[in-house]
Amino acid sequence: MPDPEMSAREMSDESAGFKVVIPARYGSTRLPGKPLISIAGKPMIQHVVERARESAADEILVATDDRRIAEVCHGFGAEVVMTGSEHRSGSERITEVIERRGWDDDVVVVNLQGDEPAMPAALLDQVASDLAGIADLGMSTLAAPISERATLFDPHVVKVVTDARGYALYFSRAPIPWHRDEFLADRAELPTSVAFLRHIGLYAYRVGFLKRYLDWAPSPLEMAESLEQLRVLWHGERIHVAIAASEPGPGVDTASDLLKAERHLA
């Protein structure tokens, strides 16, 4: 697992050679046309691409099924791969990209979601480096410590529990791990005897792993929690979870998130 104190340059050197694919769809229940919403004078998808360009990636692609998104991306010089409209997740959309591109099985691909305009480039480098450093691993991601009770109990914040080596045991929207004795006595403060981690939705995959992933049916846990990474655990694969070396900026799921992103990027 990369040292959290490692410099951005060192992480960049270790993770050189990876690809970034940015899945972007127009349809959104809360914010229709979300990738094209203006933030600090630019469409959100442009901010996302700019964050990727600041990383050590040697190729950056936007994967979308919407011509409006593609036209905007072409306008600021981004490379676009048009994909089918039937995909249920960003991982499935990325799998179509890698099959069409013919990338080798050992190539590392970072999934940078199209609603993360303030994701630090250092974290893209970190998650790619983490995966590249574990030879038999197919997937890695990041997490950050939770210090506030409201965050732990927020169902919009995904929590993760790991084992002693940093591999994910479970992801949930519920507060996990549940400290039985302390929460029964007092839920006002977080227990200090156990670590609480929030998942950061940034993933790195090996291409060969994603090809296997495409063949797996959605799992009952994935459908119950609406968390696609649970499909991986359900089918017996491992996900390594590194502690993020820096704090990610705000992602955009709601109208209030837009205000936070605007302030962050202004």
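Visitor: How far apart are the mean positions of the positive and negative charges of the protein?
Guide: This is a predicted model, and its protein carries 28 positive and 41 negative charges.

Visitor: What does the globule rule give for the radius of gyration of 266 residues?
Guide: The protein has 11 helices and 11 strands. Its radius of gyration is 18 Å and close to the rule's value, so the protein is as compact as a globular protein of that length. Along the principal axes, the C-alpha trace spans about 55 × 40 × 40 Å. For 266 residues the globule rule gives 18 Å.

Visitor: What share of the contacts with a separation of 6 or more comes from residues 24 or more positions apart?
Guide: Of the 266 residues, 53% count as buried. The exposed surface comes to about 12200 Å², with carbon and sulfur atoms supplying 49% of it. Among contacts with a separation of 6 or more, the share from residues 24 or more positions apart is 68%.

Visitor: Which residues touch the most other members of the largest nonpolar core?
Guide: In soluble globular proteins, nonpolar side chains tend to be buried together. Here the largest nonpolar core holds 43 residues. The members touching the most others are Val20, Ile22, Val62, Val110, Leu112 and Leu202. A second, separate core has 30 residues, including Leu61, Val97, Val158 and Tyr205.

Visitor: Which residues is Leu202 in contact with, leaving aside its neighbours within four places in sequence?
Guide: Leu202 is one of the core members that touch the most others. Once the neighbours within four places are set aside, its contacts are Val110, Asn111, Leu112, Met119, Leu123, Leu124, Val127, Ser140, Thr141 and Leu142.

Visitor: What covers the buried residues of helix 8?
Guide: Helix 8 runs over residues 207–214, and Val207, Gly208, Phe209, Leu210 and Tyr213 are buried in it. The cover over these residues includes strand 6 (108–111), strand 7 (139–145), strand 10 (197–206), helix 4 (90–101) and helix 10 (229–234).

Visitor: Is Ala40 buried, partly exposed or exposed?
Guide: Ala40 is found in the loop between strand 2 (38–39) and strand 3 (42–43). Its phi is positive, about 50°, although Ala40 is not a glycine. The relative accessibility of Ala40 is 30%, so the residue counts as partly exposed.

Visitor: Is Ser226 buried or exposed?
Guide: Ser226 lies in the loop between helix 9 (220–225) and helix 10. Ser226 also has a positive phi, about 55°, without being a glycine. Exposed means over 50% relative accessible area. At 55% relative accessibility, Ser226 therefore counts as exposed.

Visitor: What distance separates the C-alpha atoms of Asp65 and Ser85?
Guide: Asp65 lies in the loop between strand 4 (59–64) and helix 3 (67–75). Leaving aside neighbours within four places, Asp65 is in contact with Ala24, Arg25, Met82, Thr83, Gly84, Ser85 and Arg93. Asp65 and Ser85 are 20 residues apart along the chain, and their C-alpha atoms are separated by 5.5 Å.

Technical notes: Residues numbered from 1 in each chain as written. Predicted model: local features only at pLDDT ≥ 70, side-chain atom pairs only at ≥ 80, totals over all residues. Heavy atoms only, no water. Core = buried A, V, L, I, M, F, W, Y, C linked by side-chain atoms within 4.5 Å. Buried < 20%, exposed > 50% of the residue type's maximum accessible area, 1.4 Å probe, protein only. Contact = heavy atoms within 4.5 Å. Helix = DSSP H or I, 4+ residues; strand = E, 2+ residues; numbered from the N terminus. Rg over C-alpha atoms; globule rule 2.2 N^0.38 Å. Areas by Shrake-Rupley, 256 points an atom, 1.4 Å probe, with all protein chains shown as cover. Lys, Arg positive; Asp, Glu negative; His and termini not counted. Charge placed at Lys NZ, Arg CZ, Asp CG, Glu CD.
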